[in-house]
Amino acid sequence: MYEVALRRREPVAEGTLAFYFDKPAGFSHEAGQNAIFTLVESPTMDAAGPSRPFTIASAPHEPELMIATRMRDSAFKRYLAAAAPGTKLQIDGPAGIMVLHEDASRPAVFLAGGIGITPFLAMARDAAKRGLPHDVSLFYSNRRPQDAAFLAELERLQRPNFRLISTMTAAPDWRGERRLISRELLAEHVPDLRAPIYYFAGPPGMTMAVQGMLAELGVAEEDMRSEEFYGY
């Protein structure tokens with residue numbers, strides 16, 4: 001268990017905020033992992049209590065810890081949105097399996113829905129910093145560009161072995177891809193659908209649908225790594 005202090009917050013998409021904390025001495029994590037964040041001093045909470053899991057969206061080399069979340073009307077998020085700089089939280093972690101595999105001969109396919117982008121942002125920043133050779137395709141699905149947190153940064157991070165496929169499913173003026181993540185969309189960008197390790201994160205309905213789709217493609221269960229993001 002570590003204690004951290006809130007330093008700042010900033011909007012990163014419509015209805016979505018990023019929160020930055022001091023990185024405590026001795027804390028280290030792998031890109032894509034998560035931690036439990038607990039409010040130290042909080043008003044009356046709802047039934048879920050004062051603790052929530054969040055992916056650490058910053059990369060290991062960065063001096064701060066950053067999380068990002070959709071701002072729902074819950075007691076936890078109302079408190080966090082109004083908290084003054086210096087407000088203390090406790091974090092328990094890191095934990096989680098959303099960590100890039102070591103065998104660079106196997107491609108990675110990242111499938112992100114909405115704020116499920118956070119583990120992949122950390123992994124993309126880390127891969128760019130370390131010059132990792134993995135071949136990565138990131139499929140990022142949102143309703144509209146203004147809902148897509150960190151989209152501009154992910155576009156800048158593109159390189160020959162890191163490709164971003166953004167799809168906006170409810171944006172008539174969007175000139176790019178507008179389909180849902182599907183077998184057909186994957187097949188247009190991934191030469192051998194059974195070759196990669198698949199990582200997927202998003203709302204529970206999205207992750208269940210993706211898991212079923214990959215199973216139908218013949219992807220082995222051990223080649224899937226997933227994380228569900230709830231509104232809380």
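**Entry 1. Conventions**

I take two strands as paired if DSSP finds at least two bridges between them. Strands (E, at least two residues) and helices (H or I, at least four) are DSSP runs that I number from the N terminus. I am working on a predicted model, in which local features need pLDDT of at least 70 and side-chain atom pairs count only at pLDDT 80 or more, while totals for chains, interfaces and linings use all residues. Residues are numbered from 1 along each chain as its sequence is written, and side-chain values use heavy atoms, with hydrogens and water left out.

**Entry 2. Strand S3 and its partners**

I looked up how S3 (residues 34-39) is placed. I found S3 joined to S4 by five bridges in the antiparallel sense, and Phe-37 stands opposite Arg-52 in S4. S3 and S6 also run antiparallel, with five bridges between them. In S6, Ile-36 has Asp-92 as its bridge partner, and Phe-37 has Ile-91. I then followed S6 to S1: the two run antiparallel and are joined by four bridges. Here Tyr-2 has Ile-91 as its bridge partner in S6.

**Entry 3. Aromatic pairs**

I listed the ring pairs next (centres within 6.5 Å for rings of Phe, Tyr and Trp, the last by its six-membered ring; planes under 30 degrees apart are stacked, over 60 edge-to-face, the rest tilted). The structure holds six aromatic pairs. One of them is formed by Phe-37 and Phe-54, edge-to-face, at 5.8 Å centre to centre and 80° between the planes. This pair links distant parts of the chain, since Phe-37 is in S3 and Phe-54 in S4 (residues 51-55), 17 residues apart. Phe-37 has a relative accessible area of 1% and is buried; Phe-54, at 4%, also counts as buried.

I then recorded Phe-54 with Phe-76, a tilted pair at 5.9 Å centre to centre and 35° between the planes. Phe-54 lies in S4 and Phe-76 in helix H1 (residues 75-82), so the pair ties together parts that are 22 residues apart in sequence. Both residues are buried. Ring pairs link Phe-21, Phe-37, Phe-54 and Phe-76 into a cluster.

I also noted Arg-8, whose charged end sits over the ring of Tyr-20, 3.7 Å from its centre (criterion: NZ of Lys or CZ of Arg within 6 Å of the ring centre and within 35 degrees of the ring normal).

**Entry 4. What covers helix H1?**

I asked which residues of H1 are buried. They are Ala-75, Phe-76, Lys-77 and Leu-80. I found that their cover includes strand S1 (2-13), strand S2 (16-22), S3, S4, strand S5 (64-70) and strand S6 (88-95), by contact (heavy atoms within 4.5 Å).

**Entry 5. The parallel sheet**

I traced an open sheet of five strands in the order S9-S8-S7-S10-S11, with parallel pairing. Strand S9 (162-168) and strand S11 (224-228) stand at the edges with a single partner strand each, so one side of each is left without a neighbour in the sheet. Neighbouring strands are turned by 10° against each other on average, direction ignored (axes are lines fitted to C-alpha atoms, for helices over the stretch in contact; angles run from 0 to 180 degrees between N-to-C directions). S10 (residues 197-202) runs parallel to S11 and is joined to it by five bridges; Ala-201 has Glu-227 as its bridge partner in S11.

I placed two helices on these strands. H2 lies across strand S7 (108-113), strand S8 (136-142), S9 and S10, at about 130° to S10. Helix H5 (residues 204-216) lies across S7, S10 and S11, at about 160° to S10.

**Entry 6. Largest nonpolar core**

Of its 39 residues, Phe-110, Phe-120, Leu-138, Tyr-140, Leu-154 and Tyr-199 touch the most other members. Helix H2 (residues 118-130) supplies the largest share, six residues. Leaving out residues up to four places away in sequence, I found that Leu-154 touches Ile-117, Leu-121, Ala-124, Leu-138, Tyr-140, Ala-149, Phe-162 and Leu-164.

**Entry 7. Arg-159**

I asked where Arg-159 is found. Arg-159 is in the loop between helix H3 (151-156) and S9, and is partly exposed at 23% relative accessible area. Residues up to four places away in sequence aside, Arg-159 touches Ala-127, Ala-128 and Leu-132. Arg-159 and Ala-128 are 31 residues apart in sequence and 8.9 Å apart in space, C-alpha to C-alpha.

Technical notes
Buried < 20%, exposed > 50% of the residue type's maximum accessible area, 1.4 Å probe, protein only. Core = buried A, V, L, I, M, F, W, Y, C linked by side-chain atoms within 4.5 Å.
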